Amino acid sequence: MAGSRIAELASLIANSTAYIGTHLAAEGHPTPSFDVDQPTHLLNDSKIATSRRNIIEATDELNALMLGPVGILTSPSHNFMISLQAIYRLGIATGFPHKKSEATFGEIALYSGVCESHVRRILRHAMTYRIFCEPRKGVVAHTAASKLLAENPLMHEWIGMVSEEMWPAATRAVDALTRWPNSEEPYHSGFNIAHNTDKPVFDELAKHPDREKRYAAAMTWFSTGPGLETSHIVNGFAWENIGKGVIVDVGGSQGVVGAAIVRAFPSLHCIVQDQVDVVKVGQQNLQPELQTRITFMKHDFFEAQPIKAANVYLLRWILHDWSEKYAVQILKALVPALTQDSKLVICEHVLPEPGTVPICQERAMRAFDLAMLEFHNAKERDIDDWVGLLAMADSRFRLLDCKQPPGSRLAVMEVGWLGDKVGDKLGSN
Ligand SMILES: C[S@@+](CC[C@H](N)C(=O)[O-])C[C@H]1O[C@@H](n2cnc3c(N)ncnc32)[C@H](O)[C@@H]1O
């Protein structure tokens, strides 16, 4: 019956908001708002996760139904990124006088170095997304979102990486795929056209220490984000079964994931491998109590793995940065180090069959897939792709398990090795 779906959605929203309201009140928490004092993690409580997801999905569908076909095609605005990029590049959030709760457009113009009228236009646009607000005409104050940007340096670097590196790359992604159809090369992406370079992303960033540092900080922030917390990899694999052992975090960035694992499992030692400048920063930031439990090591993951017979080789968010041709090389480079007791743990998105998960969840994963295209000419993979990739790399890899820890956006795949001795010659096939 026409109209029944919108009534159904409205009722789901009403029931779910009532549940969340009751729960927050019982716990003595404030009701959700955009207010500057809103706790950042208010909605992360697992007891309200289902209701929250229901509301996000139902409001998205209701919104689309109310927009209608014309609205669906015209309402997404690319201009959101302009104000976000301006806020980042001009240091509008970080320069906001934190001892004061408000600033005029003129004061912001002074420290951001652009004229007052541009500041006003940028911020009034951002305010429509609840980033900053204008409590009185001409006066700017924080919302919860702008305050987070001002006070959390990792969040700020994430926005910087997205607006300065990824957004320009996204605008040239279609140019890249038409210029280089069927290419598997990582230097044939929107990133290459937008940033005018023939180097793959990681090589290009390595030439610019500030950009490389920003990328690493963005990765660190990302690992605190909803569904991407390190707790999922800590709880998503039976690390306790290893006992005393060694894990190698291949492309482990600054060691955030390795640190979370060895903190939870004190008998494990983690060797974090990455590019030279990345591991240098990781070593500098390593907390004193982890000095003997984490080792940083410069290693190019296309070269043969130098740490032999580790218990686990962890590849978290590595292979999605590479097309089949290169992902296969990364896997093959591990082979000379593997024993039958070694496991690969691959922590990545596993794309769902279309229409089998709620649409917002699917949209987020498909957006990641496009992000890999625009940045690296690479891809996210579904389960058949993963099985195929492992087989392409070496027939002795076996996918033993693939689980999606509750609340995690990444799956944890456990891969066994059927070869029989370290460095088995067949491994270099
Ligand atoms: C998407 S990040 C993932 C980082 C980390 N594993 C995580 O889960 O947050 C990819 C990492 O691969 C590293 N990387 C890129 N090319 C590399 C190479 N040839 N050898 C080693 N590490 C590399 C990057 O520096 C970056 O830290």
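Leaving aside neighbours within four places in sequence, phenylalanine 397 is in contact with Leu331, Val335, Leu338, Leu344, Leu390, Val415, Gly416 and Trp417. The model is a predicted one. Phe397 also belongs to the largest nonpolar core, which has 102 residues. Another core lies apart from it and has 5 residues, among them Ile20, Leu24, Leu42 and Ile48. In soluble globular proteins, nonpolar side chains tend to be buried together.

The ligand site comes next. There are 18 residues around the ligand, and those that come nearest are Gly251, Asp274, Asp300, Phe301 and Arg316. By class, the shell divides into 8 nonpolar, 6 polar and 4 charged residues.

| Residue | Ligand atom | Distance |
|---|---|---|
| Aspartate 274 | oxygen | 2.6 Å |
| Aspartate 300 | nitrogen | 3.0 Å |
| Arginine 316 | oxygen | 2.7 Å |

The ligand exposes 590 Å² when taken alone, and the protein buries 95% of that area.

Is glutamine 85 buried or exposed? Its relative accessible area is 15%, so glutamine 85 counts as buried, the cut-off being under 20%. Glutamine 85 lies in helix H3, which covers residues 80–89. Beyond residues up to four places away in sequence, glutamine 85 touches Ser163, Glu164 and Trp167. With one of these, glutamate 164, the side chain of glutamine 85 makes a side-chain polar contact of 3.0 Å.

Alanine 7 is placed in helix H1, residues 4–26. Its relative accessibility is 45%, and therefore alanine 7 counts as partly exposed. Where the chain is concerned, alanine 7 and leucine 62 are 55 residues apart, while their C-alpha atoms are separated by 9.5 Å.

Key
Residues are numbered from 1 along each chain as its sequence is written. This is a predicted model: local features need pLDDT of at least 70, side-chain atom pairs count only at pLDDT 80 or more; totals for chains, interfaces and linings use all residues. Side-chain values use heavy atoms; hydrogens and water are left out. Helices (H or I, at least four residues) and strands (E, at least two) are DSSP runs, numbered from the N terminus. Buried means under 20% relative accessible area, exposed over 50%, partly exposed in between (1.4 Å probe, protein chains only). A polar contact is a pair of N or O atoms within 3.5 Å; within protein, one must be able to donate a hydrogen and the other to accept it, and residues adjacent in sequence count only if both atoms are side-chain atoms. Contact means heavy atoms within 4.5 Å. A nonpolar core is a set of buried Ala, Val, Leu, Ile, Met, Phe, Trp, Tyr and Cys residues joined through side-chain atoms within 4.5 Å. A residue is near a molecule or strand if one of its heavy atoms lies within 4 Å of it. Accessible areas come from the Shrake-Rupley method with a 1.4 Å probe; for residues, only the protein chains shown count as cover. Ala, Val, Leu, Ile, Met, Phe, Trp, Tyr, Cys and Pro count as nonpolar, Asp, Glu, Lys and Arg as charged, and the others, Gly among them, as polar.
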